[in-house]
Amino acid sequence: MDPKAYKEMLLEILYTPYRQCTACPLGSLGRTHVVFGQGNPNASIMFIGEGPGRDEDLQGLPFVGRSGQLLNHVLEAVNIERKDVFITNIVKCRPPHNRQPLPNEMDTCKKILLLDQMKIIRPRIICTLGSTALQGLLDKPCKITQVRGQKLSYAQTPLIPTYHPAYILRNPKELNQFAEDLSLVASMAQTLDTL
Ligand code: SF4
């Protein structure tokens, strides 16, 4: 079996027990779908956002609303094809009224789903979108304005934090920095893929 199909199968096996997950409070607060993630299961680049919004919750797919459209445009501008990457969130269920996910919600979801997604996909580079995703992943407070674009690491995998596209929609003057960070992700992924 080719690696992509094999990883696809492993992801499906991972998701099966969690399709109606109530392991954290977000499972009982009105979500429509558990939004596991989307993209190439054999991706070199894995994007991790905060959590599903309204459109994502309704469609069961990550980054399909206005933030997702902005992300798509910038990915295209830096020559990353969305179909080649894997995109998910720290929490897989929509927090009510789009509030930030709480530490216990992020910790629970990370342990039962995200860490296993990472083990299956084995991305060569991780890009977190926004401070909540970074804090949830690293389990410590971080200021995205101070660390964006820096080369960090998570479990020996290179990690580049950047802004959440929703923040760029509210602060368009930061669009260049966002594009710079994604360009860095693209060039690092290209280099790592040739090693
Ligand atoms: S956010 Fe994650 S842990 Fe919480 S209910 Fe949804 S899938 Fe389960």
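Before the first entry I note the burial cut-offs: a residue is buried if 20 or more other C-beta atoms lie within 10 Å of its own, exposed if 12 or fewer, and partly exposed in between. I also keep in mind that I am working with a predicted model.

**Entry: positive phi**

I looked up Asn98 and found a positive phi of about 55°, although this residue is not a glycine. I place Asn98 in the loop between strand E3 (86–89) and helix H4 (103–121). Because 13 other C-beta atoms lie within 10 Å of Asn98, I count this residue as partly exposed.

I then turned to Phe63, also not a glycine, for which I read a positive phi of about 50°. Phe63 sits in the loop between helix H2 (54–59) and H3. Is Phe63 buried or exposed? I count Phe63 as buried, because it has 28 C-beta neighbours inside 10 Å.

**Entry: H3 against H8**

I describe two packed helices by the angle between their axes and the distance between the axes. For helix H3 (residues 66–77) and helix H8 (residues 175–194), I find that the axes come within 9 Å and cross at roughly 55°. H3 is therefore oblique to H8, and I note that the crossing in which H3 passes H8 is right-handed.

Which residues of H3 and H8 meet? From H3 I list Val74, Leu75 and Ala77, and from H8 the residues they meet, Phe178, Ala179 and Leu182. Sorted by class, this contact of H3 with H8 has six nonpolar residues, with no polar and no charged ones.

**Entry: H1 against H4**

I next looked at helix H1 (residues 3–15), which packs with H4 at an angle of about 165°, the axes being 10 Å apart. I therefore describe H1 and H4 as roughly antiparallel to each other, and their crossing is right-handed. On the H1 side I find Lys7, Leu10, Leu11 and Leu14, which meet Asp116, Gln117, Ile120 and Ile121 in H4. I divide the residues of this contact into five nonpolar, one polar and two charged.

With 26 other C-beta atoms within 10 Å, Cys109 is buried. Leaving out residues up to four places away in sequence, I find that Cys109 touches Cys24, Ile90, Val91, Lys92 and Leu114. I also checked Ala23, which is 86 residues from Cys109 along the chain, and found their C-alpha atoms separated by 7.8 Å.

Which of the 16 residues around the ligand come nearest? I list Cys21, Cys24, Gly27, Cys93 and Cys109. The shell around the ligand divides, by my reading, into eleven nonpolar, three polar and two charged residues.

**Entry: H5**

Last, I looked up helix H5 (residues 131–138), which is mostly covered, with seven of its eight residues buried. The buried ones I wrote down are Ser131, Thr132, Ala133, Leu134, Gln135, Gly136 and Leu137. I find the buried residues of H5 packing against several elements, among them strand E2 (45–49), H4, strand E4 (125–129) and helix H6 (144–147). After H5 comes Asp139, for which I note a positive phi near 65°.

How values were computed:
Residues are numbered from 1 along each chain as its sequence is written. This is a predicted model: local features need pLDDT of at least 70, side-chain atom pairs count only at pLDDT 80 or more; totals for chains, interfaces and linings use all residues. Axes are lines fitted to C-alpha atoms, for helices over the stretch in contact, and angles run from 0 to 180 degrees between N-to-C directions. Helices (H or I, at least four residues) and strands (E, at least two) are DSSP runs, numbered from the N terminus. Angles under 35 degrees count as roughly parallel, over 145 as roughly antiparallel, 65 to 115 as roughly perpendicular and the rest as oblique. A crossing is left-handed if the near helix is turned anticlockwise from the far one by less than a right angle, and right-handed if clockwise. Two residues are in contact if their C-beta atoms, placed from the backbone, lie within 7 Å. Ala, Val, Leu, Ile, Met, Phe, Trp, Tyr, Cys and Pro count as nonpolar, Asp, Glu, Lys and Arg as charged, and the others, Gly among them, as polar. A residue is near a molecule or strand if its C-beta atom, placed from the backbone, lies within 6 Å of it.
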